[in-house]
Amino acid sequence: MDMNDFQSVRGMRDLLPEEAEGLEEIIAKAKRVASLYGYRQIITPVVESYELLNAKSGEEIRSRMFVFEDLGQRKIVLRPEFTASIARLITTPLKNEPKPLRIFSVGSVYRYDEPQRGRYREFWQSNFELIGSNMPEADAEVVLLTNRLMKDAGLRNYEFKLGHVGILRAILSQYGINEQRQNAVLQKMDKKEFDAALGLVENKDCRKILEGLISLKKNEPPSAEPSSIVGEIEKHVKGCKEASDALKNLSDILNLLNKGGCSIKTVDPAFARGLDYYTGMIFEVYIPELDIALGGGGRYNKLVEAFKGEPTAAVGVAHGLDRIALAKQLQDKMKKTAIQEKRGRKKRVLVTSISDAVKGKALEISEELRKAGVETEFEVMGRKMSRALEDADKRKMDYAVIVGERELKEGKVVVRNLTKREQAAVPLEELTRKIKGKS
Ligand code: HAM
């Protein structure tokens, strides 16, 4: 291998100063949100034991972990998320901390995803966990702080999607489907493979209820109010007490979010997420310009217990900081284009003279144009014509007015259309009209 062949590993990125600054800015905002909501930072190792992550993360993440053996033959993973590490802490060093515990972490995480825009193998998350409360206000809090972060990051038109795996699990449990099979069904639903999900459910009555919930989403008009969807879900689950309780919980959370000034675009009864540990409300946040989530989370009341800790209610969220930075970039670019388009009706003109002898006249023409409201830049660098035009072109100016002795004698100047790359001699008295007239 030649030294010049060295490249970063596939899926890994170098963040050059501008990108690094963009990421740092979002990190600073996430830290600020953490303080505002009373979350204290914890720093955990980038590597964890394979067993920890293997236990409860779910197939989706498990199959994409970076796994290796260290020199002491321990099976190690690069952390694919923070939640398992935090749950591990709750079982031991933080076991006796008074609840609620609010924990914030930020750092890089690793997943062997297929690299594409917004999807990397090393990416950054800010992670918030609220431990020790089973109240709907705790669920509402992690959504609200996400809302705050989106707003502070300067994003527009972002949308929340909410669901409740407690409803789905309750229905599956009622028909005797064990947790492992439930996880498999939810994994399929997460991937929108609804037929495959239904195929895993043998009981006809159970399948019918699930089908009903899945079709609910398809048949709802996109503008449907969350409360009307809750009403519809109610009709499908009324035979199952546990599912009705879960729905009541979802409805309570929605009401609190409403009070907290966070509007929810979509309530999706067939919504599931790739992680196995969720037991209750789940959510994700999107912007219209990107079809991948900027953040996601939910309630996981059984994870700490699964790690041999006390049964502990918990809810949390992780934000994809690289994606938030990308989203910001996309929206900023679109805003700029919109401004440019608006401006587009106003032409930008460069005025330059062929020789010193007519420089004064060229300046006079510039002032005339400005008087008529045309945005005009006069060539002040003394550059050769070709260089000045090249520069005007690069800066996306619309016209160059070239003042030369020969044309001036006929009372004309040359007007070059920089977009169309054509030029013509134009009588001075028609110059403003020519430039302003064309749109
Ligand atoms: P997650 O949905 O797997 O949740 O990831 C959270 C966020 O990380 C996603 O919404 C996305 O923005 C970002 N993300 C995921 N994969 C990639 C990737 N390949 N490249 C760039 N960004 C990515 C969790 O990680 C849970 N631990 C969240 C949680 C905390 N639930 C409860 N507490």
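**Notebook: the ligand and the hidden spaces**

I began with the shell around the ligand, and its residues divide into ten nonpolar, ten polar and seven charged. A reminder to myself: this is a predicted model.

Next I looked up how many residues surround the ligand, and found 27. The closest are E81, T83, D113, Y120 and Y278. I then checked which strands contribute: β6 (122–131), β10 (295–299) and β11 (314–320) each supply at least two residues of this shell.

The side chain of D113 has an N or O atom 2.7 Å from a nitrogen atom of the ligand. For Q125, I noted a polar side-chain atom 3.2 Å from a ligand oxygen atom. G295 uses its backbone instead, with an N or O atom 3.3 Å from an oxygen atom of the ligand. How much of the ligand does the protein bury? Taken alone, the ligand exposes 660 Å², and the protein buries 95% of that. I also saw that the ligand takes up the space of the largest pocket.

On to the cavities: I found two of 30 Å³ or more.

My last stop was the second largest cavity, with about 30 Å³ of space. Its lining includes H164, I233 and D268, and it divides into four nonpolar, two polar and one charged residue.

Terms used:
Residues numbered from 1 in each chain as written. Predicted model: local features only at pLDDT ≥ 70, side-chain atom pairs only at ≥ 80, totals over all residues. Heavy atoms only, no water. Near = heavy atom within 4 Å. Polar contact = N/O pair within 3.5 Å; in protein donor to acceptor, adjacent residues only side chain to side chain. Areas by Shrake-Rupley, 256 points an atom, 1.4 Å probe, with all protein chains shown as cover. 1 Å grid on protein atoms, 1.4 Å probe; cavity = no way out; pocket = protein on both sides within 12 Å on 5 of 7 lines; lining within 4 Å. Sits in = over half its atoms within 2 Å of the grid points. Helix = DSSP H or I, 4+ residues; strand = E, 2+ residues; numbered from the N terminus. Nonpolar A, V, L, I, M, F, W, Y, C, P; charged D, E, K, R; others polar. Points joined across faces, edges and corners; volume = space filled by probe spheres on them.
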